[in-house]
Amino acid sequence: MSKIDDLLAKMCPKGVIRLPISDLCTTFSGGFIKRTKQDLSFEFPVYNGGAEPTGFYDEFNSPAKSIAISGRGSIGF
């Protein structure tokens, strides 16, 4: 067994339901914003695969109450 299987067996002895994320929510990509379109004077932070913003953009590309999940970049963000 893997460590996650051991943990699940210990913490969830009756098992867990495993579903594709698409069964739980709508997923989308906000798109890539080139550095030439970013500026420190803009309001919305731009993350391009790291834990810190690479710059800021003048338009948002995600609806309210969204959760950002990194598609690539540093582990832990």
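Okay, let's start with the surface: the protein chain exposes about 7000 Å², and carbon and sulfur atoms supply 59% of that. Those accessible areas come from the Shrake-Rupley method with a 1.4 Å probe, and for residues, only the protein chains shown count as cover. Before I go on, this is a predicted model, where local features need pLDDT of at least 70, side-chain atom pairs count only at pLDDT 80 or more, and totals for chains, interfaces and linings use all residues. Residues are numbered from 1 along each chain as its sequence is written, and side-chain values use heavy atoms, with hydrogens and water left out.

So, the overall layout. We have 1 helix and 2 strands in the protein chain, and from the N terminus on they run α-β-β. Helices (H or I, at least four residues) and strands (E, at least two) are DSSP runs here, numbered from the N terminus. Of the 77 residues in the chain, buried ones make up 8%. Buried means under 20% relative accessible area, exposed means over 50%, and partly exposed is in between, with a 1.4 Å probe and protein chains only. As for contacts (heavy atoms within 4.5 Å), take those in the chain with a separation of 6 or more: residues 24 or more positions apart account for 28% of them.

Now the helix. Leu7 sits in helix H1, residues 3-11, and Leu7 is partly exposed, with a relative accessible area of 46%. Together with Ile4 and Met11, Leu7 makes a nonpolar surface patch of about 320 Å². The patch rule takes residues with over 30% relative accessible area and no salt bridge, joining like charges within 9 Å and nonpolar side chains (Val, Leu, Ile, Met, Phe, Trp, Tyr) within 5 Å.

Quick word on cysteines. Cys12 is partly exposed at 28% relative accessible area, and Cys25 is partly exposed at 37%. If a disulfide is a pair of cysteine sulfur atoms within 2.5 Å, the count comes to 0 disulfides.

Next, the loop between H1 and E1, where you'll find Gln38. Is Gln38 buried or exposed? At 11% relative accessibility, Gln38 counts as buried. Its side chain reaches the backbone oxygen of Ile33 at 2.9 Å, and the Gln38 side chain also makes a polar contact with the side chain of Thr54, again listed at 2.9 Å. A polar contact is a pair of N or O atoms within 3.5 Å; within protein, one must be able to donate a hydrogen and the other to accept it, and residues adjacent in sequence count only if both atoms are side-chain atoms. Leaving out residues up to four places away in sequence, Gln38 touches Ile33, Val46, Asn48, Thr54, Gly55 and Phe56.

Gly31 is in the loop between H1 and E1 too, partly exposed at 48%. Its C-alpha is 9.9 Å from that of Asn48, 17 residues apart along the chain. Ser41 also belongs to the H1-E1 loop, and at 61% relative accessibility Ser41 counts as exposed. The Ser41 side chain makes a polar contact with the side chain of Asp39, at 2.6 Å. C-alpha to C-alpha, Ser41 and Asp58 are 8.5 Å apart in space and 17 residues apart in sequence.

Last stop: Pro53, in the loop between strand E1 (44-46) and strand E2 (55-57). Pro53 is partly exposed, with a relative accessible area of 29%. What does Pro53 touch, not counting residues up to four places away in sequence? Pro45, Val46 and Tyr47.

Key:
A salt bridge is a side-chain nitrogen of Lys or Arg within 4 Å of a carboxyl oxygen of Asp or Glu.
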